Amino acid sequence: MTDTLHMFASDEPPEIQVHSHDRYHAVLKACEELPPVITAVVHPVDELVLSSIVTAEQENLITPVLVGPLGRVRDVAERAGIDISAWQLVDVKHSHAAAQKAVELAAAGTVDAIMKGSLHTEEMLYPVVASTSGLRTGRRLSHSYVMDTAGYHKWLIITDAVVNIAPDLLAKADICRNAADVWLALTDEHRLPKIAVLAAVELVNPKMQATLDAAALCKMAERKQIIGCIIDGPLALDNAVSREAALEKGIVSDVAGDPDILLAPDIEAGNILAKQITFINRADAAGIVMGARVPIILTSRADSQRTRILSCALAVLVSDARRSGRIK
């Protein structure tokens with residue numbers, strides 16, 4: 001009988017990835033010299049939300065203003081053993097009213113950020129995008145997931161995994177601009193962020209809208225319709241994040257293998273990718289909505305305390321970047 005020669009031995013050693021969390025702690029360190037952001041927390045009727053607020057305040061990241069039905073908020077706080085007596089409370093009847101009131105507070109300059117509590121994302125954002133909200137800018141709202149994982153060599157932003165369901169070309173242009181602003185607030189690097197526009201393939205195919213949008217975004221960046229970033233695409237995920245995969249396919253690009261931002265073709269692709277990195281790869285993550293006059297801290301109800309704290313820290317950095325004029 002002929003012996004079988006295996007390429008990989010059955011007793012090969014395990015592959016170990018080390019996640020140091022250094023970038024997470026560097027962000028918190030950067031926030032130490034900055035003032036906390038006065039934050040309207042919308043409908044905080046959940047123990048995890050309240051405990052996150054406690055930690056964020058202890059980290060000197062936010063000064064909370066709780067906006068919700070006062071009786072329910074106090075009941076939850078009592079069950080959780082959380083003292084909310086020092087926090088400002090704004091009593092409203094229900095979650096819809098809480099979202100509306102938070103927008104009014106932000107438009108009046110009473111608060112500098114909004115934080116999602118125990119309500120659905122669309123309910124939270126509906127009063128923000130209203131024409132009379134006072135928070136709209138010339139840009140479309142979009143969400144950025146900031147990720148730090150052992151499998152990648154730097155911060156990685158995934159967008160848009162939450163807000164825009166099937167963005168068209170102009171929406172994707174704003175998503176690029178918003179994500180670039182998040183990157184600028186997050187880092188102190190003196191260069192332009194690199195954006196990889198994802199599709200299933202790296203060649204333009206008239207039957208695949210994502211590839212056409214990617215090509216158009218590249219041309220828009222070349223003609224300065226989109227500034228402050230370097231864009232390349234279409235790129236499949238493998239050649240977007242792996243230089244070796246890009247070289248194997250003959251792709252010559254400053255972005256391929258080294259992007260700072262991954263622009264997903266739609267919400268389904270972005271959401272699946274972001275949650276895979278968060279829950280399987282155990283990434284440190286933060287979620288924020290840009291495009292309004294104030295940052296909106298927006299995480300999933302399943303997100304960890306670490307994600308919630310990092311999201312608050314990101315809002316501090318975004319607020320500081322706006323005050324200093326580094327971003328709009």
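This is a predicted model: local features need pLDDT of at least 70, side-chain atom pairs count only at pLDDT 80 or more; totals for chains, interfaces and linings use all residues.

Analyst: Residues are numbered from 1 along each chain as its sequence is written, and side-chain values use heavy atoms, with hydrogens and water left out.

User: How far apart are the C-alpha centres of domain 1 and domain 2?

Analyst: Domain bounds here come from an automatic or database domain assignment. Domain 1 covers 24-136 + 292-327, and domain 2 covers 144-286. The distance between their C-alpha centres is 27 Å.

User: What area do domain 1 and domain 2 bury between them?

Analyst: Contact (heavy atoms within 4.5 Å) involves 18 residues of domain 1 and 15 residues of domain 2. Buried area is the accessible area (1.4 Å probe) that two parts lose on being put together, summed over both. Carbon and sulfur atoms account for 69% of it, and the total is about 1400 Å².

User: Which residues of domain 1 lose the most area to domain 2?

Analyst: Three residues together make up 31% of what the domain 1 side buries. They are L310, L314 and I327.

User: Which residue forms a salt bridge with D284?

Analyst: A salt bridge is a side-chain nitrogen of Lys or Arg within 4 Å of a carboxyl oxygen of Asp or Glu. By that rule there is one salt bridge across the interface of domain 1 and domain 2. In the salt bridge to D284, the closest N and O atoms are 3.6 Å apart, and the partner is R306.

User: Which helix gives the most to the side of domain 1 that touches domain 2?

Analyst: Helices (H or I, at least four residues) and strands (E, at least two) are DSSP runs, numbered from the N terminus. On this side, α1 (22-31), α5 (121-129) and α11 (305-323) each supply at least two residues. With eight residues, the largest contribution is that of α11.

User: What is omega for the cis peptide bond that joins G233 and P234?

Analyst: Most peptide bonds are trans. P234 lies in strand β8 (residues 230-235). For the cis bond between G233 and P234, omega is about 5°.

User: What is the phi of K224?

Analyst: Most residues other than glycine have a negative phi. K224 sits in the loop between α7 (209-222) and β8. Although K224 is not a glycine, its phi is positive, at about 70°.
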